[in-house]
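The exercises below are meant to be worked with the structure in view. Each task is followed by a solution that goes step by step.

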Amino acid sequence: MKRILVTGALGQIGTELVDLLRKTYGISNVIATDIRESKNAREKGPFELLDVTDEKSFALIAKRHNVDTMIHLASILSANAEKNPLSAWNINMSGLWNALEVSREMNLQFFTPSSIGAFGQLAPKENTPQVTIQRPITIYGINKVAGELLCDYYFMRYGLDTRGIRFPGLISYVTPPGGGTTDYAVEIYHEAINSKKYISYIRKGTYLDMMYMPDALHAIIELMETNPENLVHRNAYNISAFSAAPENFAESIRQHIPDFTLDYNVDPVRQKVAESWPNHLDCTAAKEEWGFKANYDLEKVTEDMLKNISREER
Ligand code: AKB
């Protein structure tokens with residue numbers, strides 16, 4: 001049985017991942033950590049306050065709980081990182097470095113997410129290959145490329161079992177994303193239920209890879225459970241469920257809310273970031289090496305998001 005430490009456990013991925021890990025591996029085997037505390041965090045299972053830039057506390061907590069696996073999620077997302085690049089660099093890179101060092105000392109299995117943000121304008125936009133040029137124009141993307149390389153380095157130099165996924169925009173009704181370029185793909189559903197209209201900060205015709213949270217969570221567990229001998233690319237695998245532009249979300253929502261309207265008020269900063277990212281990733285390596293498969297297409301996401309948001313917000 002694994003004993004897993006999760007950083008950034010109260011974030012968009014962490015909240016739901018911790019629940020699923022606890023169902024899979026047992027409540028007491030999953031140690032949730034975050035820089036802040038939520039009301040019921042400690043009632044649900046082991047929880048520790050942890051600032052990932054504090055190397056000593058990081059090591060103490062990991063040792064005290066005798067973990068064998070690290071899932072390092074704490075990071076600043078793309079749009080927020082652009083507002084304060086220096087602080088994003090510090091949190092994203094020092095946090096990752098500390099997570100890797102603790103994992104090296106304790107010989108932990110290691111996972112950290114990368115992103116479609118790790119590519120840039122020079123990478124092919126359609127069927128973006130697993131291995132291609134990566135010249136991101138955002139500090140977040142630069143962090144992600146450096147992070148992928150650092151994880152490769154720990155694997156090659158120390159034999160640490162590092163694994164990663166390049167996540168697309170993640171859609172969920174449970175915890176809001178907070179500070180990403182793809183946040184509109186979550187906001188649009190809340191606004192559809194609350195006001196039947198949405199004003200998109202991303203321009204019509206801007207395609208990005210997307211995925212529903214349950215597919216993302218299963219992907220993490222499947223990758224971590226895969227026999228290491230099958231893994232060639234490790235840090236980090238392209239995955240995607242579908243590629244969509246804002247108007248595709250609107251069309252899909254109109255199947256359920258016919259008078260839903262979509263307008264645009266483009267934010268030049270986030271638009272520039274979105275335009276520098278791929279339209280659609282090639283996911284062959286993830287499929288071949290660990291059997292990646294997504295179950296939710298845009299229509300299934302829309303149905304589930306609208307059903308759950310209207311249940312919770314009414
Ligand atoms: C963001 O928009 O920053 C994230 C991501 C795609 O990495 N959702």
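**Exercise 1.** Which residues of helix α1 are buried?

Solution. The model is a predicted one, and a residue counts as buried here if 20 or more other C-beta atoms lie within 10 Å of its own. By that test the buried residues of α1 are Gln 12, Ile 13, Gly 14, Thr 15, Leu 17, Val 18 and Leu 21. Among the elements that cover them are the strands β1 (4-7), β2 (30-34) and β7 (169-171), together with helix α8 (213-225). Just after α1 comes Gly 26, whose phi is positive, at about 100°.

**Exercise 2.** Describe how helix α3 (residues 55-64) packs against helix α5 (residues 85-106).

Solution. The two axes are 10 Å apart, and the helices pack at an angle of about 40°. Angles under 35 degrees would count as roughly parallel and those from 65 to 115 as roughly perpendicular, so α3 and α5 are oblique to each other. Their crossing is right-handed. On the α3 side the contact is made by Glu 55, Phe 58, Ala 59, Ala 62 and Lys 63, while α5 contributes Asn 98, Glu 101, Val 102, Glu 105 and Met 106. Sorted by kind, the residues of this contact are 5 nonpolar, 1 polar and 4 charged.

**Exercise 3.** Which residues of α9 meet which residues of α12?

Solution. Asn 248, Ser 252 and Ile 253 in α9 meet Leu 298, Glu 299 and Thr 302 in α12. The residues of this contact divide into 2 nonpolar, 3 polar and 1 charged.

Technical notes:
Residues numbered from 1 in each chain as written. Predicted model: local features only at pLDDT ≥ 70, side-chain atom pairs only at ≥ 80, totals over all residues. Contact = placed C-beta atoms within 7 Å. Helix = DSSP H or I, 4+ residues; strand = E, 2+ residues; numbered from the N terminus. Nonpolar A, V, L, I, M, F, W, Y, C, P; charged D, E, K, R; others polar. Buried ≥ 20, exposed ≤ 12 C-beta atoms within 10 Å, placed from the backbone. Axes fitted to C-alpha atoms, helices over the stretch in contact; angles between N-to-C directions. Parallel < 35°, antiparallel > 145°, perpendicular 65-115°, else oblique. Left-handed = near helix turned anticlockwise from the far one by under 90°.
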